[in-house]
Amino acid sequence: MIIAIPVDENNEKTLTCISYGRAPYYLIFDTDSEKVEYVQNTAAESAGGAGIKAAQILVNNKVNILLTERCGQNAADVLIAGKIKIYKALHVQAMTNLKAFLKGELEELRDIHPGYHGHKD
Amino acid sequence: MKDKLKLLILSGKGGTGKTTVACAFIRLADSRAYADCDVDAPNLHLACRQTSDPMRKDFYGLKKAYINRDNCVGCNKCYEYCRFDAIYKQGEVYQVDPFSCEGCSVCEFICPARAISMIDSVSGEIMLYRSASVFSTACLKMGSGNSGKLVSAVKKQLYENMEKKSNIIIIDGSPGIGCPVIASISGVDMVLIVAEPSVSGINDMERIIETSRRFGVSIAVCVNKYDTNFKITKEIEDYCNKVNIPFIGKIPYDKRAIYATNQGMSIIDIDCPSGKAVKEVFENINRILDKI
Amino acid sequence: MIRLNIGQTIRKSMEKNIIAVLSGKGGTGKTMVSVNLACILPGAAYSDCDVEEPNGHLFFKPTQLSEKNVDILIPKIDREKCTGCTKCVDFCKFNALAYVGKVLVFEEICHYCGGCTIVCPEKAITETNYNIGKIVQGFFERTKVISGFLNVGAISGVPIIKEIHKQIKEERNTVIVDCPPGSSCAVMESIQASDYCILVSEPTIFGAHNLDMVYRLVKLLNKKCGVILNKCDGNYNPSEDYCLENDINIIARIPYDSELSDINGNGKIAVKESDLYRGVFQDIIKEIEKVLS
């Protein structure tokens with residue numbers, strides 16, 4: 001499976017980025033190949049709807065799991081529709097969160113905060 | 001208190017004292033990271049006098065349409081399709097009004113003569129002050145839209161530049177309930193609403209509370225200039241109790257506050273009633289933040 | 001202050017004009033000034049373009065209300081025709097669309113440009129109304145009151161301000177336009193059609209700083225303007241200094257007065273409650289008439 005974490009910098013010591021939609025990069029880990037990649041988040045520069053665009057980027061990258069500290073409603077709608085599961089990350093180094101997830105220590109993210117209101121189906 | 005908690009100060013109505021309270025809090029908390037997200041009318045840099053010049057950068061909003069007169073064939077299609085009245089005729093050709101242009105790029109898509117391109121447009125200026133603390137602010141160019149993006153940029157600049165071990169982060173917000181306010185609420189831990197006891201003030205406070213609630217942030221309310229109207233102050237307190245929002249204090253109207261601010265000082269720097277009251281409000285909000 | 005007789009009225013010499021009241025900084029007294037001017041000028045209308053936080057109606061408490069919804073057009077996807085090409089998602093500059101097996105529309109972010117409907121090669125996108133607010137018209141005695149209200153959560157009140165201006169253009173008498181704070185596109189939209197701009201300022205460095213911003217905006221649009229210095233307390237007034245330095249016409253100086261603050265704070269109209277303020281606002285009208293004639 002493919003796991004994504006929003007991060008501040010594109011190196012192994014990076015902290016998890018507190019903002020998921022405007023994080024400068026995503027750390028992408030493939031459990032099959034055990035490779036770590038860093039993808040630039042082009043949604044960060046958006047005027048609005050950054051979370052939505054970021055979610056689209058993750059969907060397009062075939063991500064299965066997202067580890068994040070917080071997430072807005074609009075972005076969550078896209079992620080859930082794209083069958084990406086969201087887990088609550090802690091404000092620590094990204095690799096620490098990744099290891100914790102692989103050991104089954106992270107919980108699913110329950111408190112999704114409302115973004116702009118809803119979406120039309 | 002957990003480090004790096006973010007406190008945003010809003011009001012709904014303008015002129016209730018957000019910036020004055022923000023500045024007092026910055027001093028009381030010795031905050032090393034703060035921002036002014038009222039990009040339409042930034043004032044925090046005047047209240048919290050800075051000791052050095054800032055780093056300045058042009059801020060680019062959405063690209064705006066530009067019509068090349070030489071290629072324009074005057075077919076009128078851009079004018080027909082523009083929903084923002086941003087295209088006008090000038091002689092035989094068409095031109096774009098950059099103040100009205102929203103950057104949607106429909107005209108670029110629709111132009112049969114390829115006369116339209118989307119070009120970078122400076123919509124403001126973003127500033128960063130560095131001394132013992134980091135202060136991020138910006139100013140929107142007049143007539144601009146997209147203030148939400150600039151607000152997000154101010155916050156991002158602050159987070160990227162502040163010391164990792166910063167304590168409480170204080171953000172001075174803007175009046176209203178629209179895009180810049182919504183952009184400033186995103187990701188904060190707590191919103192403090194500075195309300196004014198007037199008919200307009202209580203009305204606007206209710207709208208900003210409603211806006212803030214949609215984001216699931218903790219909210220608290222205090223009343224400034226409370227002694228200008230005891231009746232409405234009580235109405236505000238009752239309203240907060242009814243909707244389960246902590247009412248954390250009252251600050252009196254104080255002419256000395258204007259004097260302090262005009263001299264570039266905070267109300268806590270001089271001996272005045274509003275300074276004493278704001279200290280209590282600060283202590284009350286800390287108690288709530290400790291529990292977050 | 002000179003006391004005028006209650007019976008004295010203003011000559012109806014002012015032909016139809018659109019007078020915008022703005023300030024840059026919030027809380028300086030725009031609404032107080034707008035409401036009182038509209039009330040004292042016979043037959044004038046008041047229009048509230050501060051659609052995020054409209055307040056004028058709280059003072060007028062207008063009756064004979066009629067409402068009009070303001071809608072924008074947002075995309076509606078025909079799932080049968082959609083092939084998942086994502087041209088619409090790629091085109092949208094506002095990220096209001098996403099594709100996850102089907103197209104999702106985020107209506108509150110949509111800027112209603114109509115672009116997605118045009119770029120869709122399958123013609124799978126049509127448009128549907130989305131309500132962002134309303135305009136309420138009513139009367140207070142003989143003053144027509146037009147107020148715009150933006151729905152909580154909607155991002156921009158500009159379409160409502162545009163609709164209000166369509167109504168203003170139909171008015172035969174003078175219209176006083178109460179503008180939003182700041183100097184953003186909403187403010188610009190509110191003053192586009194005005195013949196004269198009143199800038200209301202307060203004696204603080206914040207007030208002077210924001211007065212500068214809004215003065216430059218007004219000059220950019222080549223509007224005639226004048227300043228009302230409000231809440232004057234006899235001390236150092238940075239806004240007054242600014243006006244003197246820049247040769248800006250000061251049309252009135254209103255002292256800080258706890259009586260006026262009470263009247264206003266309680267949602268009452270000063271010119272109805274006080275002869276003193278009736279006189280103050282009549283003088284302001286006269287000053288403006290001089291400039292406009």
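User: What should I know before reading the numbers?

Analyst: The model is predicted, so local features need pLDDT of at least 70 and side-chain atom pairs count only at pLDDT 80 or more, while totals for chains, interfaces and linings use all residues. Residues are numbered from 1 along each chain as its sequence is written, chains are lettered from A and ligands numbered from 1 in the order in which they are written, and side-chain values use heavy atoms, with hydrogens and water left out.

User: How many residues of chain B and chain C are in contact, and what area is buried between them?

Analyst: The size of an interface is often given as the accessible area lost when the parts come together. Here 56 residues of chain B are in contact (heavy atoms within 4.5 Å) with 55 residues of chain C. About 4,600 Å² is buried between chain B and chain C, counted as the accessible area (1.4 Å probe) that two parts lose on being put together, summed over both. Carbon and sulfur atoms give 60% of that area.

User: What is the count of salt bridges between chain B and chain C?

Analyst: Side chains of opposite charge can pair when their charged atoms come close. The rule asks for a side-chain nitrogen of Lys or Arg within 4 Å of a carboxyl oxygen of Asp or Glu. Between chain B and chain C the count is three; over all chains it comes to 24. One pair runs from C:K162 in helix α5 (residues 158-170) of chain C to B:D85, in the loop between α3 (77-81) and β5 (87-90) of chain B. The N to O distance in this salt bridge is 3.4 Å.

User: Which elements of chain B touch chain C?

Analyst: Helices (H or I, at least four residues) and strands (E, at least two) are DSSP runs, numbered from the N terminus. Elements giving two or more residues to this side of chain B include α1 (18-29), α7 (199-213) and α9 (255-262). The largest share, eight residues, comes from α7(B). By class, this side of chain B has 23 nonpolar, 22 polar and eleven charged residues. Ala, Val, Leu, Ile, Met, Phe, Trp, Tyr, Cys and Pro count as nonpolar, Asp, Glu, Lys and Arg as charged, and the others, Gly among them, as polar.

User: What does the interface of chain A and chain C look like in numbers?

Analyst: Chain A and chain C bury about 1,600 Å² between them, with 61% on carbon and sulfur atoms. Their contact takes 19 residues from each of chain A and chain C, and the salt bridge count is zero.

User: How do the axes of α1 and α11 of chain C cross?

Analyst: Axes are lines fitted to C-alpha atoms, for helices over the stretch in contact, and angles run from 0 to 180 degrees between N-to-C directions. The axes of α1 (residues 30-40) and α11 (residues 275-292) of chain C come within 10 Å and cross at roughly 85°. α1(C) and α11(C) are therefore roughly perpendicular, a label for 65 to 115 degrees; under 35 is roughly parallel, over 145 roughly antiparallel and the rest oblique. Among the residues in this contact are C:M32 and C:L37 of α1(C) and C:F281 of α11(C).
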